[in-house]
Amino acid sequence: MGKNLYQKVWDDHVIRKLDSGQYQVFMALHLIHEVTSPQAFGMLRDKGLNVAYPNRTFATVDHIIPTDTQARPLADEMAEKMLQVLGEATAEHGIEFFAPQSGAQGIVHVVGPELGLTQPGMTICCGDSHTATHGAFGTIALGIGTSQVRDVLASQTLAMDPLKVRRIRVEGKLGQGVTAKDVILHIIRVLGVNGGVGHAYEYSGSVIEAMSMEERMTVCNMSIEGGARCGYINPDDVTIEFLRGKERVPTGAEFDAAAEKWRSYASDPDAEFDDEVLIDADDIKPTVTWGVTPGQAINIEERVPKLEDVEGLEKNLVTDALNYMKLQPDQGIKGTPIDVAFIGSCTNGRLSDFQRVAELIAGRKVSDAVRAIAVPGSEKVDREARALRLNEIFEAAGFEWRMPGCSMCLAMNPDKLVGDEICASSSNRNFIGRQGSPTGRTILMSPIMVAAAAIEGKVSDAREVFSLKGEE
Amino acid sequence: MAGESISRISGKGVYVQGNDIDTDRIIPARFLKCVTFDELGPSLFHDERFTESGESKNHVLDAPQHRGAAVLISDDNFGCGSSREHAPQAIQKFGLKAVIAGSFAEIFHGNCTTLGIPCVIASDEDRKELSKIIENDPEASLDIDIEKREIVCANKVFQVSMKESAREAFLAATFDPLDELLGATEEIKAAAERLGYA
Ligand code: SF4
């Protein structure tokens, strides 16, 4: 019987069974950032422990970093302190730190892959739930808590329970204007926000195979929103070609050997899965959220729920979500006016996201009623976008082009919604208060849908706004 | 070992109703700006408890009759969203010692376990009944017996469940795995070398 990728990577990295029944698993790569790691260094200090494998640990700063100016000291004292503590701790322990203006700083899940630190067959962890992003390369990539960050710093291992694996096959061909973001929003809508509990998701099928690495990262990124512990895609030619030439990837004969090894992690043709789901590409349309969880989503042609259609506790949830979003039951989502448009985050803040949008918005204007910002996911993305003069296209259209960081994905830096502003956002979470105002509202969608909303001043169908027809 | 085993938790309960209560609600992101977890208690569920100008919204956690509660009761998929350990840390620093829910998000569950906060799974009916009991008698004590997988409250016994590895870890005092992990230095070195990460 063949093995799936999860089993192969797991078997490679398991060290032993622990008394609790969990397993001790070696972590190939540990990424850290300023929000969840400073406390872990404090815990190490309290116990008199050292970092076991500083060479397998890499740090960046993303959540708290302002995107208008990074002049030090940062205006927010607490943010400055966090940045300082991370800088000191990484220096003390000999950990490489991609500091602002180093040329490599950026959102942790953008930085790892673009440097080639993320490689197939690895176990990867980070004190951040969107670590699942790295699964796009065929890794077991886990978000962990700060005590676990401490465990990994001290031992390079984690105590873990094995997961079940659900294969999600997305078959067919996506229509024009239907993107990777729509695929994952659709999957979450179908399987639910806790449909993935206890599982790793393997995304496969012709739609996934046809995706670029950046699109695959968008899909894997939101595995956690579907309740899965992680998500992955089998390494293939696309993966290998993406990694070729990346800064931290071997070259020449060493690369060929590595590539062969990487390929060997892909699920065997006769691998078994605990569960399998088939998704038809024809069912996927541009998808947007209407509520306060990523699962409360509909496609752009649909209407928000009618209260008669839901029962029990679900009715309360739907009512609360609609009230919070200030939407009427059974109203169409298309046409909902927006105040803010945000393109960025570890879900959709990569070069191809900005390239695609730039093609569409060139020569057009953002609605006067909309504040629009574009935030590259890393200094490298920023550099490459500028080299292509994408920033100029965005600026000419009325977007602000910002410095790299998490920005308006969450409320830990100055980019925030104000009052009950409503934001068309390419990020991954529409939770209550997520974008910085306790009454702020978020509608998740793909970058091209954000662009369409920005131009029209209301939630719109990108296929109509940009005259996209037929198959992608 | 990690210290004392945890086999029983007793105390007053408080019911925070709702499915899918995410960690952004448990501790809003702006409170993540900290370099230690020590001051997080007062910010638990902050935006649900206080208005923007800091006035109390009379949230159930602040109801005088529930002051000093040790057990938080909620519904399905509790703790979903961000992996921030700030959420269970805030729960613990607030004074709560256990959480009862219909189900838990996994990272949150793992974080709670490491901190010694048992996550107890109870059925819809049982949670409804428990919340009724504490509504009528806020002083009622919930006695969680981890060994027997039951809660005794108002002379009634409720059968509950827990993730088995967590339950064993509480009983064996191995819920904080660090010491055990550090006990395998040689095996870790061997794995690093075998995998080419040394
Ligand atoms: S962009 Fe958003 S989701 Fe991604 S790491 Fe930053 S805050 Fe988290």
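This is a predicted model: local features need pLDDT of at least 70, side-chain atom pairs count only at pLDDT 80 or more; totals for chains, interfaces and linings use all residues.
So, A:Pro73 sits in the loop between strand S4 (57–60) and helix H3 (77–93) of chain A; helices here are DSSP runs of H or I with at least four residues, strands are runs of E with at least two, and both are numbered from the N terminus. Residues are numbered from 1 along each chain as its sequence is written, chains are lettered from A and ligands numbered from 1 in the order in which they are written, and side-chain values use heavy atoms, with hydrogens and water left out.

A:Asp330 isn't a glycine, yet its phi is positive, near 65°. You'll find A:Asp330 in the loop between helix H11 (312–325) and strand S15 (340–343) of chain A.

B:Asp20 is buried, at a relative accessible area of 14%.

Staying with chain B, look at helix H4 (residues 106–115): 9 of its 10 residues are buried. Among them are B:Ile107, B:Phe108, B:His109 and B:Leu115.

Now the core. A nonpolar core here is a set of buried Ala, Val, Leu, Ile, Met, Phe, Trp, Tyr and Cys residues joined through side-chain atoms within 4.5 Å. Which residues of the largest one touch the most other members? Out of 98 residues, they're A:Phe394, A:Phe466 and B:Phe78. Helix H16 (residues 447–456) of chain A gives this core its largest share, 8 residues. As for B:Phe78, leaving aside neighbours within four places in sequence, its contacts (heavy atoms within 4.5 Å) include B:Ile21, B:Phe45, B:Ile91 and B:Phe108. There's also a second, separate core of 38 residues, and A:Phe137, A:Ile168, A:Val249 and A:Trp262 are in it.

On to helix packing, and back to H16(A). Helix H13 (residues 351–361) of chain A and H16(A) cross at roughly 35°, their axes coming within 9 Å; axes are lines fitted to C-alpha atoms, for helices over the stretch in contact, and angles run from 0 to 180 degrees between N-to-C directions. This crossing is right-handed, meaning the near helix is turned clockwise from the far one by less than a right angle. H13(A) brings A:Asp353, A:Arg356, A:Val357, A:Leu360 and A:Ile361 to the contact, and H16(A) brings A:Pro447, A:Ile448, A:Ala451 and A:Ile455.

Last pair: helix H6 (residues 180–191) and helix H8 (residues 213–221), both of chain A, pack at about 25° with axes 8 Å apart. So H6(A) is roughly parallel to H8(A), a label for angles under 35 degrees. Their crossing is right-handed. A:Ala180, A:Lys181 and A:Ile184 of H6(A) meet A:Glu215, A:Thr218 and A:Val219 of H8(A).

Conventions: Angles under 35 degrees count as roughly parallel, over 145 as roughly antiparallel, 65 to 115 as roughly perpendicular and the rest as oblique. Buried means under 20% relative accessible area, exposed over 50%, partly exposed in between (1.4 Å probe, protein chains only).
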